[in-house]
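Thanks for coming. I have one model to go through today, and I will keep to what can be computed from its coordinates.

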Amino acid sequence: MTRKKVKLAYITNDSARKATFKKRKKGLLKKVSELSTLCGIKSCAIIYSPYDSQPEVWASEHGIQHVLGLFKNMPEMEQTKKMVNQESFLRQRIAKANEQLKKQQKDNREKEMTEVLFQSLTGKSLHNLTMMDLNDLGWLIDQNLKNIYRRIGQLNKVAQKQVQGEPAAAKTEGMVQQPHDHHQRTPGFEMNMDTMQRQQWFVDMMNLPQENNMGFGGDEMMLPFGDNSHNALWSNAFFT
């Protein structure tokens, strides 16, 4: 049976509030003790309440004085650097939750635009998209093109190293270098060239004139999905 989630609010019932105080005070002191034992740190706890005439103290009097002395010897800026109350603690939690929400919204939006991109490549029209949708889609296409050009550059470097490495390997083994046959390729080189051709096909397709670009709105106004410098800027609420 799962535990019922407790509402974080002041308990108006006196008897229920007193019972909750005793239960949670015991748990808090236990946690402080465990933290001190497991991590070997200096800690203390002092709890005042209207239910006890004397404050509840954890650790010995000497231990408390030692911890308080260490705290008072710190510079004032260091003392208050991580000091929080209920309000500031909740503000920190809210700010952290807002950051996580924005990140999740951006991830969801990118996945949504990726699905729209794939659907458009199959011929689905983009007439129903808003200007913000088109901006987001353009940003995503621009990022994909940058990744493609970067990958093409990496494959070109690998191919050049493979071509340059063939004469060196023949010389090391003492073999007579045969005239280079441009029709013969190593399996790895053929695979790289095939990958480069597929990527170049995608780049050429994305750079087609508007009248040949099927499924992207027909004669409707189209946004530029990238320029020759591949540094197009797309500004909107999700992608900066």
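A word on the basis. This is a predicted model, in which local features need pLDDT of at least 70 and side-chain atom pairs count only at pLDDT 80 or more, while totals for chains, interfaces and linings use all residues. Residues are numbered from 1 along each chain as its sequence is written, and side-chain values use heavy atoms, with hydrogens and water left out.

Layout, then. The protein has 6 helices and 2 strands; these are DSSP runs numbered from the N terminus, with helices being H or I of at least four residues and strands E of at least two. Along the sequence the pattern reads α-β-β-α-α-α-α-α. Of the 240 residues, 23% count as buried. Buried here means under 20% relative accessible area, exposed means over 50%, and partly exposed is in between, with a 1.4 Å probe and protein chains only. The accessible surface comes to about 19,300 Å², and 56% of that belongs to carbon and sulfur atoms. Areas are from the Shrake-Rupley method with a 1.4 Å probe, and for residues only the protein chains shown count as cover. As for contacts, meaning heavy atoms within 4.5 Å, take those with a separation of 6 or more: residues 24 or more positions apart account for 62% of them.

Next, the nonpolar clusters. Which residues make up the largest nonpolar core? There are 9: Met113, Val116, Leu117, Leu126, Leu137, Trp139, Leu140, Ile141 and Leu145. Helix H4 (86–121) and helix H5 (131–172) are the elements that give two or more residues to this core, and H5 gives the most, with 5 residues. A second, separate core has 5 residues, including Phe21, Leu29, Ala45 and Ile47. By core I mean a set of buried Ala, Val, Leu, Ile, Met, Phe, Trp, Tyr and Cys residues joined through side-chain atoms within 4.5 Å.

There is also a nonpolar patch on the surface, formed by Ile46, Tyr48, Val57 and Leu68, with about 390 Å² of accessible area together. Patch residues have over 30% relative accessible area and no salt bridge; nonpolar side chains (Val, Leu, Ile, Met, Phe, Trp, Tyr) are joined within 5 Å, like charges within 9 Å. Valine 57 lies in strand S2 (residues 56–58) and is partly exposed at 39%.

Last, the salt bridges. How many does a search of the whole structure find? It finds 9, each a side-chain nitrogen of Lys or Arg within 4 Å of a carboxyl oxygen of Asp or Glu.

One of them joins glutamate 56 to lysine 25, with the closest N and O atoms 3.6 Å apart. Glutamate 56 is in strand S2 and lysine 25 in helix H1, so this pair ties together parts 31 residues apart in sequence. Glutamate 56 is partly exposed at 28%, whereas lysine 25 counts as buried at 15%.

Two others sit within single helices. Aspartate 14 and arginine 17 meet at 2.7 Å, N to O; both lie in helix H1 (residues 14–39), 3 residues apart, about one turn. Aspartate 107 and lysine 103 meet at 3.4 Å, both in helix H4 and 4 residues apart. In that pair, aspartate 107 is partly exposed at 26% and lysine 103 is exposed at 56%.

Finally, Arg109, Glu112, Asp133 and Asp136 are linked in a network of salt bridges.
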